[in-house]
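Work through the exercises below with the sequence and the 3D structure at hand, and try each task before reading its solution.

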Amino acid sequence: MIARRDFMAIALAEAKAAGERGEVPIGAVIVRDGVVLAAAGNRTREKCDPTAHAEIEAIRAACAAAGSERLPGAQLYVTLEPCAMCAAAISFSRIERLYYGAEDPKGGGVDHGGRLYSQPTCHHAPDVYSGLSETEAAALLKEFFSDRR
């Protein structure tokens, strides 16, 4: 069986590729039954689309691969705490577990900010596990932004 860190390594590789494209280096991978359904990195600049976050791109591809708008039993590995938009998409797609790397105190929507899954209006809350490969994920972001300042 593939370890969680191996799936996060795929998300980190997607984040690195996004950074090389000039995108904020965030990567995501969706897995079900030990099989990768989709992997993606941010593409907001490339697509001129503010919704083209890594999580949304991965969810779209995984839903297409599964032939369904829902992904029950799936796990999402992402390098940064999802924003409120992505947290909502994760909820709507019925992803079972969310693993994320670095916390995002400024823009996060899971354990920071609006804490979407704690709201009574949230119809589905995945199990959330934070801090997986946090050091590597945070270093990618720090390096990316320090190069631009």
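**Exercise 1: a helix pair**

Task: Find which residues of α3 and α4 meet.

Solution: Glu55, Ile56 and Ile59 of α3 meet Met85, Cys86, Ala89 and Ile90 of α4, where contact means heavy atoms within 4.5 Å. The model is predicted, so that local features need pLDDT of at least 70 and side-chain atom pairs count only at pLDDT 80 or more, while totals for chains, interfaces and linings use all residues. Residues are numbered from 1 along each chain as its sequence is written, and side-chain values use heavy atoms, with hydrogens and water left out.

Task: Describe how the axes of α3 and α4 are placed.

Solution: The axes of helix α3 (residues 54-66) and α4 come within 9 Å and cross at roughly 20°. Because angles under 35 degrees count as roughly parallel, α3 is roughly parallel to α4.

**Exercise 2: the strands around β4**

Task: Which strands pair with β4, and in what sense?

Solution: Begin with strand β3 (residues 74-80), which runs parallel to β4 and is joined to it by 5 bridges; two strands pair if DSSP finds at least two bridges between them. Leu80 has Ala102 in β4 as its bridge partner. Between β3 and β4 the chain passes through helix α4 (residues 84-92), and this β-α-β crossover is right-handed, meaning that, with the strands pointing away from the viewer, the path from the first strand over the helix to the second runs clockwise. Next, strand β5 (residues 127-130) pairs with β4 in the parallel sense over 4 bridges, and Leu98 has Val128 in β5 as its bridge partner.

Methods: Helix = DSSP H or I, 4+ residues; strand = E, 2+ residues; numbered from the N terminus. Axes fitted to C-alpha atoms, helices over the stretch in contact; angles between N-to-C directions. Parallel < 35°, antiparallel > 145°, perpendicular 65-115°, else oblique.
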